[in-house]
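Have a look at the structure below and keep it open while you read. We'll go through it piece by piece.

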Amino acid sequence: MIMTAKTKTADLVHGAATEAMSETKAQVTAGFEKTLSTMKDGMENAAKGFEAQQTKMKESMAKAMKTTEDMVAFSKGNMEAFIKASQIFTAGLQGLSKHIASSTQASVEETVAVTKAIAGVKSIKEAVDLQSEFTRSMMEKAMADTSKLTDASMKLTEQAIAPLTARMTLAVEKFGAVL
């Protein structure tokens, strides 16, 4: 085979073109593999980030649920304290009402007895003395009953407020640091 200058040139051009195509093909392949690797790394990082966010979200939800449960339990305790305070107050008022009724009944009985005694007196002086003694006695009893009722009312107030005060103390201890 005789090679002519044209053939040699064509062979050289063909060789150069083949070599250029090979290099281009290698560069395209390398670029594609690099792009593919970068995308793969990006997807792995995104998956890791998603997993981390998911873990944080689960932790936050668990914490929120715990806080909600704590608040529900605390509110339940508040309601129980309120009910207990109401029961104490109601029972105390019943006791005070019984004392007032008993005191009133004794006063009425004493008034009836004095009225009968006054009806049977023989002189005005005796009637005035009976009335004066009765009035003095009623005033002393009224003062004593008022003192007893005041003391009983103060004690009842302290007892009725105690469960609520305990809840308030607990609230300050439990949530004071948060505020």
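## Start with a lysine

Let's begin with Lys 141, which is partly exposed, with a relative accessible area of 40%. This is a predicted model, by the way. Lys 141 forms a salt bridge with Glu 110, and the closest N and O atoms are 2.4 Å apart. Glu 110 lies in helix 1 while Lys 141 lies in helix 2 (residues 124-175), so the pair ties together parts that are 31 residues apart in sequence.

## Other salt bridges

How many salt bridges does the count come to? The count comes to 5 salt bridges. One of them joins the side chains of Lys 66 and Asp 70, at 3.1 Å from N to O. These two are 4 residues apart in helix 1, so about one helical turn separates them. Both are partly exposed: Lys 66 has a relative accessible area of 47%, and Asp 70 comes in at 27%.

Helix 2 has a pair of this kind too: Lys 125 and Asp 129 sit 4 residues apart there, about one turn of the helix. Their side chains meet in a salt bridge of 3.2 Å, N to O. Lys 125 counts as exposed, because its relative accessibility is 57% and exposed means over 50%. Asp 129 is partly exposed, at 40%. There is also a network of salt bridges, linking Glu 133, Arg 136 and Glu 140.

Ala 85 and Glu 158 are 73 residues apart along the chain, yet their C-alpha atoms are separated by 9.9 Å.

Now try the opposite case. Val 13 and Ile 118 are 105 residues apart in sequence, and 152 Å apart in space, C-alpha to C-alpha. Val 13 is in helix 1 and is exposed, with a relative accessible area of 51%.

## A nonpolar patch and a ring

Leu 164 turns up again on the surface, where it forms a nonpolar patch with Met 79, Phe 82 and Ile 83. Together they have about 380 Å² of accessible area. Helix 1 (residues 5-119) gives the most to this patch, with 3 residues. Met 79, which is in helix 1, is partly exposed at 49% relative accessible area.

And the rings? The structure holds 0 aromatic pairs. Still, Arg 167 lies over the face of Phe 74, at 4.4 Å from the ring centre.

Technical notes
Residues are numbered from 1 along each chain as its sequence is written. This is a predicted model: local features need pLDDT of at least 70, side-chain atom pairs count only at pLDDT 80 or more; totals for chains, interfaces and linings use all residues. Side-chain values use heavy atoms; hydrogens and water are left out. Patches are made of residues with over 30% relative accessible area and no salt bridge: like charges are joined within 9 Å, nonpolar side chains (Val, Leu, Ile, Met, Phe, Trp, Tyr) within 5 Å. Accessible areas come from the Shrake-Rupley method with a 1.4 Å probe; for residues, only the protein chains shown count as cover. A salt bridge is a side-chain nitrogen of Lys or Arg within 4 Å of a carboxyl oxygen of Asp or Glu. Buried means under 20% relative accessible area, exposed over 50%, partly exposed in between (1.4 Å probe, protein chains only). Rings of Phe, Tyr and Trp (its six-membered ring) pair if their centres lie within 6.5 Å; planes under 30 degrees apart count as stacked, over 60 as edge-to-face and the rest as tilted. A charge sits over a ring if NZ of Lys or CZ of Arg is within 6 Å of the ring centre and within 35 degrees of the ring normal.
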